[in-house]
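Please read them alongside the sequence and the coordinates.

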Amino acid sequence: MRSLIAMLAVAFLFTSCQKTEDVKVVQDLNKQFIDAWNSEDDSKVEAMLAEDVDFVQGEIHYSGKSEVADKWVNETIETIEDLRLNVVSSGIDKNIAYEAGTFSVDVKPEAPGQPGGEGEGNFILLWKKGEDGTWKLSYAQLEDLPVQAKM
């Protein structure tokens, strides 16, 4: 009986440690992405995109690394700052990892003397592991509320 309890305890400990390590993988992926975005390092953000990445925001849908990089990353990265995520759900298996929740961001003024804004909404970032073992952003969805002007 003791050996059964000991085996169950070891199995539980291993499973708990593995889940913690798994969660850390997806947290690290999103931290690298957010750090690159907040540093306005568009080349690093683009390097994290899968060749078949999809970006969805409302009725907008961009497909493929080139289109997503041109129309989302390059057109948006310099217009916002301090992107922050509040993760509500996350998961990972051998080949797919995701985090979902809410985001907030400071929107830069369109012109000098104009107020900036604050944006917020929901997000999901889905990562896939390639054959070479490298994780790439495969799907990003943002559903944002109207930007509120900062006073």
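1. Glu 40 is partly exposed, with a relative accessible area of 30%, where partly exposed denotes the range between buried, under 20% relative accessible area, and exposed, over 50% (1.4 Å probe, protein chains only). Glu 40 lies in the loop that links H1 to helix H2 (42-47), and its phi is positive, about 55°, although the residue is not a glycine. Helices (H or I, at least four residues) and strands (E, at least two) are DSSP runs, numbered from the N terminus.

2. On provenance, this is a predicted model in which local features need pLDDT of at least 70 and side-chain atom pairs count only at pLDDT 80 or more, while totals for chains, interfaces and linings use all residues. Residues are numbered from 1 along each chain as its sequence is written, and side-chain values use heavy atoms, with hydrogens and water left out.

3. Asp 82 belongs to strand E3 and is partly exposed, its relative accessible area being 37%.

4. Strand E3 also holds Ile 80, which is buried at a relative accessible area of 13%. Leaving aside residues up to four places away in sequence, Ile 80 touches Trp 37, Glu 40, Val 105, Asp 106, Val 107 and Lys 108, a contact being heavy atoms within 4.5 Å.

5. Of its 151 residues, 30% count as buried. Among contacts between residues at least 6 apart in sequence, 55% join residues at least 24 apart. The protein exposes about 9,600 Å², of which carbon and sulfur atoms supply 55%; these accessible areas come from the Shrake-Rupley method with a 1.4 Å probe, and for residues only the protein chains shown count as cover.

6. Which residues touch the most other members of the largest nonpolar core? They are Phe 33, Trp 37, Trp 72 and Trp 127, in a core of 29 residues, where a nonpolar core is a set of buried Ala, Val, Leu, Ile, Met, Phe, Trp, Tyr and Cys residues joined through side-chain atoms within 4.5 Å. At least two residues of this core come from each of helix H1 (2-38), strand E1 (49-57), H3, strand E3 (80-92), strand E4 (96-107), strand E5 (117-129) and strand E6 (135-144). H1 supplies the largest share, 6 residues. As for Trp 127, its contacts beyond four places in sequence include Val 26, Leu 29, Phe 33, Met 48, Ile 96, Trp 135 and Leu 137.

7. Helix H3 (residues 65-76) has 12 residues and reaches 15 Å from its first C-alpha to its last, close to the expected 16 Å, a span given by 1.5 Å times one less than the number of residues. Its buried residues are Val 68, Ala 69, Trp 72 and Val 73. These four lie on the same side of H3, because they cover an arc of only 120° around the axis, the arc being that of the directions from the helix axis to the C-beta atoms. On the other side of H3, Ser 66 and Glu 75 are exposed. An α-helix has 3.6 residues a turn, so residues three or four places apart point the same way.

8. Two strands are taken as paired if DSSP finds at least two bridges between them. E1 runs parallel to E6, joined by 4 bridges, with Leu 49 partnered by Leu 137 and Asp 54 by Tyr 139. E1 pairs with strand E2 (residues 60-63) in the antiparallel sense, over 4 bridges, and Phe 55 has Tyr 62 as its partner in E2. The E1 and E2 hairpin leaves 2 residues between the strands, and Gly 58 in the turn has a positive phi of about 60°.

9. E5 and E6 are antiparallel and joined by 9 bridges, one of the bridge pairs being Asn 122 with Glu 143 in E6. These strands form a hairpin with 5 residues between them, and in the turn Gly 133 has a positive phi of about 90°.
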